Amino acid sequence: MVFLPITIIIFFILGKYEDKRLPVIWLVFASLFYYGWWNPAYLILIIGSMGANFLFGRILLDCLNKKRKYNKIVLFLGVTLNLLLLGYFKYANFFVDNINSFSSSTLYLKTIVLPLGISFFTFEQIAYLVDAYRGETKRYSVWHYCTFVSFFPQLIAGPIAHHKEIIPQLDNRSIYKFNHEYFSAGITIFFIGLFKKVMVADKMAVFATSVFDAAESGYLLTFFEAWTGVLAYTFQIYFDFSGYSDMAVGLGRMFGIKLPFNFNSPYKATSIIDFWRKWHMTLSKFLRDYLYIPLGGNRKGTIHRYKNLIVTMLLGGLWHGAGWTFVVWGALHGFYLIINNLWRQLRKYLIKNKTGTTYLGRSFSTLITFIAVIVAWVFFRAESFQGAMIILEGMVGNNGIILPNLYQLKFDGLATYISAIGVDFGNVNHVMSPYYILYLCSLFIIVLAFPNSQEIIFESEKINFKFLRWKPNLLWILLTLVISIISLMNLSRVSEFLYFQF
Amino acid sequence: MTFKNYTNNYFKILFISILFIVSFNVIMKSYYTNRPFMALLKKPSSIIIGTSTANFGLDPKHNNLVSDHYYSIPVGGVKNKLVWIKRFDSLNDLENVVLCLDFFEYNSYREVKNINSGSIDNLFLIILNLFKELFSIDSFIYSVKKYFHKTSEIVLENGHVWLKDYTAIHTFKAIKIDEIETHLPKPGKKFSIYSHNNYSKLIYLKEIINYCIHNNINLVMIIPPRHMAMTEIERTLGLNKDFENWKIELVDLINNFSNQQQPDLWDFSLMNEITTEKLPENKIANMNWFRDRLHFTENLGDYVLDVIFGNNDMESLPENFGVKIDTYNIDHHLSVNDSITQEFRNKNIIYLDRLRSNVKITLNSYMGYK
């Protein structure tokens, strides 16, 4: 509330001076202050990381075409340093725990607190080093480089910005002049993001958490309990993460900086390949350019291609968190991608008319993709395999298909027919209220039929619903106002503070 | 409309809306917004501080309270109580603090952070919290309800909450699940009074006592009356020993201070005719002494203040209603209470069986509980 206005105002005041380094330097200091507010000790980490990577990058660029052999060593050292840093903070405890459980040793390592954003700024800098090695970067100024890494809107939760997307914008003198169009677009998308987080993701989280916690404690979930819990999580993660990304993009726009989009209606995807083009797009791009392609991509035959896909997705899974459930999530997606590729080849072989698709066919593909993604989310969210398996068993109806008694009264005469198809009525512990179900259904419609926030704000000409096209008018002022006030008021709830936060 | 107009109009209307909401909450003196504002305006020299238990039950206008400037404030969390005592003291030098201690604040299965983490005296944070309370959805909803006369709680000028409706909100049959969850750990995460990092919530209490001593504030601590049903729920959950140990911890804590500095600690949680008042079978019946297992009525609150601050006809009260406890009498006190409890339990086997069975049914329906 205080940090943002001050940072913006000073940025544009400094932007009036001829020396355009001043606003950039200000942005770096403001971003580091923001980062240090959480834990000042980790400022050393991010500053050290930026300094070391900048130096490695400079060495690589200076030695380009001169000492190719040494360049390889420098690149190796740089990437290893980044991975060691990430490995220590993110995976050391996981590594020790696994050694202990596999070898019955009793190694002890104090719990290491994961520095905020380390997964993001490590990947950004690895990409920079690789590009420097390839000669695909320029000699950036140190302040521009630091802004690229530490720019606060994207520092904590992405998107994983690419240096070529950000740093050239800092050379453009027009960004230092306050731009009403950028600013108003930024404000609007920022509050759309906040609304998604506070009013959708957080509400869904309540139900999802209780269902997943129950599974972890061994409670056998019935069909509807499991499905509603998993669907709640499916929407929670999308609205949470895309909400954060919208907020980052919006904040970036307020400064005149265009951050890359991270989501493009992923649940509308008609295949898993399509899903990964729409979900966490900056991570997909990084994994493709800096892992999958260097591994050989699809250049060395089908078997190698599938092997590379699996390796990429396994590591992609591990990047999300230090746990075997994340690895399984990655493996599942790798497997899905292989199936998807095989299907495409088979389809090419079987069907002559390769381009022809029907509405029904596309809808079916979307449904299949959606279900596959949901199943994978179970492993992503569960804390253990036991918990994940209980949920999956519930989803296939192993523990009964039971609707709560209250629905028997609501369905009235239909209840007999519902019972006839194998659905029982009884005591179910975890029941979504009819309003919650309605909320869930409306989210379904929103993610499947409506344009996403970035389309509304930045690509409005593509939208069929004219009233949804963002433009400077009273309707949009009021809409933005309503979502901003609701989000802000919900951010400052006091009930818990009063009674439950002990 | 130009983008410049869009931005300008947006901020203008946003500012006006925020101002309206904040003002509305201030004017309506909602339950939430009332506290900081009244505190700022009234500058009380004495306070009753606790959770909603004290806020509903202890009337700051009670005859035996020596000062006219008592103000009642409900604050969840021991650390927050320390913060608010300091805030009040900084507004107007505090003279008296009546501190109501709720076991479930200490016993909750939540990890305690280091007392040094976070700056509790930071003026910026105080102002920020004040604004957050004034601009929260809870305050606004409460104000709207109050405007349309849909709320049963009225906050008085002295911070005390007057309840229009004395209906017992939790009956014998309807044990609310969130009430029980308060006493349960999250699956697989069990903390105790002392969490694994050895920080206890009692350190905040120690800090409160220290603060009061060094600032010449007369501190009285109360373990409030609680209905026997609460004690039996805790017994079913295996927490009854924790409750006794907590009392021992409290007297040990007080014993760390010199005799002249030790604050009084009164225990009203014992089993007697008052705390075993029969719970109603239906939701509309009223009780004399309790609203539910933890919240007692003003009638009982008056007796509590009578006992602590002297006078009135004490003969009508049970002998063990309000015992000043310290390291010398704690063991005896606990063993006497044990025998009284046992006696009561033997006489009420059917009643207690029903209660335990209800608790177990509720527990079984709590998904996270093993």
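Reader: Start with contacts in chain B between residues at least 6 apart in sequence. What share join residues at least 24 apart?

Author: That share is 80%. Keep in mind that this is a predicted model.

Reader: How many helices and strands does chain B have?

Author: Chain B has 14 helices and eight strands.

Reader: And what percentage of chain B counts as buried?

Author: Of its 370 residues, 54% count as buried.

Reader: Give me one residue there. Where is Lys12(B)?

Author: Lys12(B) sits in helix H1 of chain B, residues 3–28.

Reader: Is Lys12(B) buried or exposed?

Author: Lys12(B) is exposed. Its relative accessible area is 52%, and the cut-off for exposed is over 50%.

Reader: How far apart in space are Lys12(B) and Lys132(B)?

Author: Their C-alpha atoms are 20 Å apart. Along the sequence, 120 residues separate Lys12(B) and Lys132(B).

Reader: Is Cys100(B) buried or exposed?

Author: Cys100(B) is buried, at 1% relative accessibility.

Reader: What about Cys441(A)?

Author: Cys441(A) counts as partly exposed, with 39% relative accessibility.

Reader: On to voids. How many cavities of 30 Å³ or more does the structure hold?

Author: Four. The largest cavity holds about 100 Å³ of space.

Reader: Which elements give two or more residues to the lining of the largest cavity?

Author: Two helices of chain A: H5 (118–134) and H12 (281–295). H12(A) has the largest share, five residues.

Reader: Which residues line the largest cavity?

Author: Among them are Phe123(A), Glu124(A) and Ala127(A). The lining also includes His162(A), Glu165(A), Lys285(A), Phe286(A) and Asp289(A).

Reader: How does that lining of the largest cavity divide by class?

Author: Six residues are nonpolar, two are polar and four are charged.

Reader: And what volume does the second largest cavity have?

Author: About 70 Å³. Its lining includes Thr53(B), Asp102(B), Arg226(B), Phe243(B) and Trp246(B).

Reader: Which helices supply at least two residues of the lining of the second largest cavity?

Author: Helix H5 (103–107) and helix H11 (240–255), both of chain B.

Reader: What classes are in the lining of the second largest cavity?

Author: Nine residues are nonpolar, one is polar and two are charged.

Reader: Which helix gives the most to the lining of the second largest pocket?

Author: H14(A), with eight residues. Helices H11 (272–278), H14 (324–350) and H15 (359–381) of chain A each supply at least two residues of that lining.

Reader: How do the residues of that second largest pocket's lining divide?

Author: Eight are nonpolar, nine polar and seven charged.

Reader: Next, Ser265(A). Where is that one found?

Author: Ser265(A) is in the loop between helix H10 (223–254) and H11 of chain A.

Reader: Ser265(A): buried or exposed?

Author: Buried, because its relative accessible area is 5% and buried means under 20%.

Reader: What does Ser265(A) touch?

Author: Leaving out residues up to four places away in sequence, Ser265(A) touches Tyr238(A), Lys278(A), Asn452(A) and Glu455(A). The side chains of Ser265(A) and Asn452(A) are joined by a polar contact of 2.9 Å.

Reader: Last one. Where does Tyr17(A) lie?

Author: Tyr17(A) lies in the loop between helix H1 (3–14) and helix H2 (21–38) of chain A. Tyr17(A) is partly exposed, with a relative accessible area of 47%.

Reader: What separates the C-alpha atoms of Tyr17(A) and Tyr176(A)?

Author: A distance of 9.3 Å, with the two residues 159 apart along the chain.

Methods:
Residues are numbered from 1 along each chain as its sequence is written. Chains are lettered from A and ligands numbered from 1 in the order in which they are written. Side-chain values use heavy atoms; hydrogens and water are left out. Helices (H or I, at least four residues) and strands (E, at least two) are DSSP runs, numbered from the N terminus. Ala, Val, Leu, Ile, Met, Phe, Trp, Tyr, Cys and Pro count as nonpolar, Asp, Glu, Lys and Arg as charged, and the others, Gly among them, as polar. Buried means under 20% relative accessible area, exposed over 50%, partly exposed in between (1.4 Å probe, protein chains only). A polar contact is a pair of N or O atoms within 3.5 Å; within protein, one must be able to donate a hydrogen and the other to accept it, and residues adjacent in sequence count only if both atoms are side-chain atoms. Contact means heavy atoms within 4.5 Å. On a 1 Å grid over the protein atoms alone, a cavity is a set of points where a 1.4 Å probe fits but cannot get out, and a pocket is an open set with protein on both sides within 12 Å along at least five of seven lines; lining residues have an atom within 4 Å of a point. Grid points are joined across faces, edges and corners, and a volume is the space filled by probe spheres set on the points.
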